[in-house]
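Biologist: Before we discuss this entry, please show me the sequence and the model. I shall then ask for the grounds of each description.

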Amino acid sequence: MSYSLHPAIDNGIKAGQSDFPGGKLTCHCSSDKVEITIEGNVLHNHACGCSKCWKPANALFSIVGVTPKDNLKVTANESKLQIVDESAAIQRHACSKCGVHLFGRIVQDHPFKGLDFVHTELSDKAGWQEPQFAAFVSSIIEQGFPPDKASEVRDRFHKLGLETYDALSPPLMDAIATYNAKKSGKLPA
Ligand SMILES: N[C@@H](CCC(=O)N[C@@H](CS)C(=O)NCC(=O)O)C(=O)O
Ligand SMILES: [Zn+2]
Ligand SMILES: [Zn+2]
C-alpha cells in the first residue's frame with residue numbers, strides 16, 4: 001500500500017457505539033487550541049474525496065460526518081476561526097493558525113441546512129460512528145491522483161466494507177433531489 005486512504009481506516013474499520021454521548025474536537029495547534037463540543041454521535045459519517053473537505057497530511061480522503069447545528073458549540077478559542085470560502089454551500093470554519101477545519105455549516109437555502117459537517121478524528125475518544133461509505137471518489141483525480149489507479153482505490157474501500165460513489169450515497173442524493181423537486185413544484189411540497 002503506497003498511499004493512505006485515511007489513517008483512521010487504512011488498517012480496518014472499527015464500529016462506533018450507538019449510545020455514544022459525543023465529546024470535544026480540537027484543532028492541531030500546540031496551545032490555545034480551538035475546541036468544539038458535540039452532543040451525541042454524528043450521522044452519515046463517510047470518506048469524502050473532494051478537494052474542499054479537510055484531510056490530514058498525506059491522506060487521499062477526508063472523513064466527515066454531520067450533526068444538527070444546535071448540538072455543536074464552540075467551547076474554546078473561537079476567535080481563531082475563519083470561514084474558508086463564504087460563497088460555498090458549506091461554510092467551513094478553519095483554525096487560522098493550523099488550518100484544521102473544526103466545522104462546516106450550511107446557512108443558505110439547502111436540503112442539509114441546519115446540519116454541521118465535522119471530522120471526528122479531531123477527538124481523542126473512540127465510539128464515534130464509523131464511516132458508512134466513500135463519496136466523491138473520482139474527485140481525487142482532479143487533485144492529481146492517477147486515473148488508472150482509481151479502481152484500485154475503489155477496491156480498497158470495498159475490501160473495508162464501504163460502498164463507493166462519485167457523488168454522495170443514493171439516499172442522500174435522493175434527499176437532495178426530493179428537496180429540489182418540492183422547491184420547483186415538480187413534486188408536492
Ligand atoms: N469535484 C469537486 C467536488 C466538490 C463538491 O461538490 N463537494 C461536495 C462534497 S463535500 C459538496 O457538497 N460540496 C459543497 C461545498 O463544498 O460547499 C472537488 O473535488 O472540489
Ligand atoms: Zn489550530
Ligand atoms: Zn467533501
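Modeller: This is a predicted model. The unreviewed UniProt entry carries a "binding site" annotation that covers Cys-27, Cys-29, Cys-95 and Cys-98.

Biologist: How do you know that these annotated residues gather at one spot?

Modeller: They span 72 residues in sequence, yet no two of their C-alpha atoms are more than 8.5 Å apart, so they gather at one spot.

Biologist: What contacts does Cys-95 make, not counting residues up to four places away in sequence?

Modeller: Cys-95 touches Cys-27 and Cys-29, and also Val-34, Lys-80, Leu-81, Val-100 and Leu-102. Two residues are in contact if their C-beta atoms lie within 7 Å.

Biologist: Why is Cys-95 called buried?

Modeller: The threshold for a buried residue is 20 or more other C-beta atoms within 10 Å. Cys-95 has 21 such neighbours, so it counts as buried. Its place is in strand E7, residues 90-95.

Biologist: Why is Cys-98 called partly exposed?

Modeller: A residue is exposed with 12 or fewer C-beta neighbours and buried with 20 or more. Cys-98 has 13 other C-beta atoms within 10 Å, so it is partly exposed. Cys-98 lies in the loop between E7 and strand E8 (101-106). Leaving aside neighbours within four places in sequence, Cys-98 is in contact with Cys-27, His-28 and Cys-29.

Biologist: Which elements make up the protein chain, and in what order do they run?

Modeller: The protein chain has three helices and 11 strands. From the N terminus on, the order is β-β-β-β-β-β-β-β-β-β-α-α-β-α.

Biologist: What share of the contacts between residues at least 6 apart in sequence joins residues at least 24 apart?

Modeller: In the protein chain that share is 63%.

Terms used
Residues numbered from 1 in each chain as written. Chains lettered and ligands numbered in written order. Predicted model: local features only at pLDDT ≥ 70, side-chain atom pairs only at ≥ 80, totals over all residues. Helix = DSSP H or I, 4+ residues; strand = E, 2+ residues; numbered from the N terminus. UniProt positions renumbered as here; feature names shortened; annotations may be inferred.
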